[in-house]
Amino acid sequence: MSLVVDASIVFRLLANLKGDDLLQQRLSRRVHAPALIDAEIASVVRGHAITSKPHVRISAARAHAMLEQFAELRIVRHPMAPLQRRVLELRDNLTAYDGMYVALAEYLGVPLLTDDAKFAGSTGHRAEIQRYPSPAPD
C-alpha cells in the first residue's frame, strides 16, 4: 500500500528511536510527499542542531548523517502548485504546510502517515490519517 508521509514521521524515522522497527519497514518502500518535505526536514534537523536544549540537541555530525539518510529514502516528491487550490479550501482547519500533505493524500487516494497528533482532530477533508504509532483503542 502506498502512503503519503509528512515531515514529522520522516524525522521520527531519522531519529532512529527504539521500537520503531515497523516504521522502518513501512518507510523502506516508496512513499509520497509534497516537495515541501525537503525544506521541512532541513528546518527540523537544523533546529535540533542549534537548540540550546541539551535533551533535544544533536551534533553537526549527526545532523549531516540524518540529511544523508533522508536523501536515501525512496520518497516521490510531488509539485505543490497543483495542490494549492485544495490547500486554500482547507484553510480553516489546516495550515498551508499541513494542507499540502492532506491535499496530496486526497489526490492520490492513499493514507497520510504522521507522528503529529494535531492531524487526529482535523476536519473538512477526505484523507485517511494514520498516526504512528496508532493510538490504543479505548
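**Ground rules.** I number residues from 1 along each chain as its sequence is written, and side-chain values use heavy atoms, with hydrogens and water left out. As the model is predicted, local features need pLDDT of at least 70 and side-chain atom pairs count only at pLDDT 80 or more, while totals for chains, interfaces and linings use all residues.

**Entry 1: helix 1 itself.** I started with helix 1, residues 7-15; helices (H or I, at least four residues) and strands (E, at least two) are DSSP runs, numbered from the N terminus. I looked up burial, where buried means under 20% relative accessible area, exposed over 50% and partly exposed in between, with a 1.4 Å probe and protein chains only. The buried ones are Ala-7, Ile-9, Val-10, Phe-11, Arg-12, Leu-13 and Leu-14.

**Entry 2: helix 1 against helix 4.** Next I checked the pairing with helix 4 (residues 60-72): the two axes come within 10 Å and cross at roughly 120 degrees. Axes here are lines fitted to C-alpha atoms, for helices over the stretch in contact, and angles run from 0 to 180 degrees between N-to-C directions. The two helices are therefore oblique to each other, as angles under 35 degrees count as roughly parallel, over 145 as roughly antiparallel, 65 to 115 as roughly perpendicular and the rest as oblique. I listed the contact residues (heavy atoms within 4.5 Å): helix 1 brings Val-10, Phe-11, Leu-13, Leu-14 and Ala-15, and helix 4 brings Arg-62, Met-66, Gln-69 and Phe-70.

**Entry 3: Asp-20.** I then moved to the loop between helix 1 and helix 2 (21-26), where Asp-20 lies. Asp-20 is buried, with a relative accessible area of 3%. Beyond its neighbours within four places in sequence, Asp-20 is in contact with Arg-12 and Tyr-132. The side chains of Asp-20 and Arg-12 are joined by a polar contact of 2.8 Å.

**Entry 4: Leu-27.** My last stop was Leu-27, in the loop between helix 2 and strand 2 (31-34). Leu-27 is buried too, at 5% relative accessible area. Leaving out residues up to four places away in sequence, Leu-27 touches Val-5, Ile-9, Val-10, Leu-13, Leu-73 and Leu-113. I also noted 8.2 Å between the C-alpha atoms of Leu-27 and Val-10, which sit 17 residues apart along the chain.

Key
Polar contact = N/O pair within 3.5 Å; in protein donor to acceptor, adjacent residues only side chain to side chain.
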